[in-house]
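Here are some notes for a colleague who is opening this structure for the first time. Please keep the sequence and the 3D view at hand while reading the points.

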Amino acid sequence: MMFTLRTRDALVALILGIGLMTIGCWTSSSAEDDGSSNTSTSTQESSATTMTGQARHARGDGSGNVDQDRRRKTETTKLGKRIDPGEVPPTGTEVTLSEDEWRERLDDNTFRIMREAGTERAGSGELLHNKKSGIYYCAACGAPLYSSRHKFDSGTGWPSYYKGWSEDRLGTKVDNSMGMTRTEVHCARCGGHLGHIFDDGPDPTGKRHCINSVALTFRPANEDGVVENPPEPIPSDADRADAADK
Ligand SMILES: [Zn+2]
């Protein structure tokens, strides 16, 4: 009798266990589905970016192995109305400067990160804990790249966004440096290296844009959600050619 009871208890426990495991699988896979829809950047190639100096890449934003419990971390930035970034250069206007010209315009650290695909030390970025409402512009050319609406605390030590301000402002390409395969993200206008995109971000995209603070210039929005003093963008190649003709 005792044996029969124990056997029955064991059977009940086994059935309960299988039931719980099934619910667990279903829950996690449906969360994955939500996260994988709505990718925020295209996989366009950019010939503007030359990937030199990759050997100097610190392990840095290659931290693809974020703890599992951080994976579905919800967005901490409150969604407000769309922020008006002020006057911005139109998309599709390329800025191609020689490396010497970039070196003149950018300080040494910004040049290393944006033109040589460097990575700032984790936790060192000025914009890491910035929670103000506003727009993050390309530190090299002045194009708007990220909004405070999409910033979240990833706990990785780099400013993180679940999407770009506008998809066509960002370019991506495969980066096989550091013995890893990662998605590199850069400014579509000037080719300046920004960081990498990982698949462990929060809803609604499931993406984590891991961006060097040095590659961004932040401008706060006013009470009406307007950035009053956006950075002066570098003129496009076409504009500079026109100016040279005159
Ligand atoms: Zn740029």
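1. Helices here are DSSP runs of H or I with at least four residues, numbered from the N terminus. The model is a predicted one, and in it helix α3 is followed by alanine 117, whose phi is positive, near 55 degrees.

2. Helix α3 itself covers residues 108–115, and its buried residues are Thr110, Phe111, Ile113, Met114 and Arg115. Against what do the buried residues of α3 pack? Their packing partners are α2 (99–105) and β7 (193–198).

3. A separate feature to look at is an open sheet of three strands, which runs in the order β2-β1-β9 with antiparallel pairing. Because β2 (144–147) and β9 stand at the edges and have a single partner strand each, one side of each is left without a neighbour in the sheet. On average, and with direction ignored, neighbouring strands of this sheet are turned by 30 degrees against each other.

4. Within that sheet, strand β1 (residues 134–138) pairs with β2 in the antiparallel sense over three bridges, and tyrosine 136 stands opposite tyrosine 146 in β2.

5. Asparagine 222 lies in the loop between β9 (216–220) and α4 (237–245). Is asparagine 222 buried, exposed or partly exposed? Since a residue counts as buried at 20 or more other C-beta atoms within 10 Å and as exposed at 12 or fewer, asparagine 222, with 13 of them, is partly exposed. Asparagine 222 and isoleucine 83 are 139 residues apart in sequence, while their C-alpha atoms are 9.3 Å apart in space.

Key. Residues numbered from 1 in each chain as written. Predicted model: local features only at pLDDT ≥ 70, side-chain atom pairs only at ≥ 80, totals over all residues. Helix = DSSP H or I, 4+ residues; strand = E, 2+ residues; numbered from the N terminus. Contact = placed C-beta atoms within 7 Å. Pairing = 2+ DSSP bridges. Axes fitted to C-alpha atoms, helices over the stretch in contact; angles between N-to-C directions.
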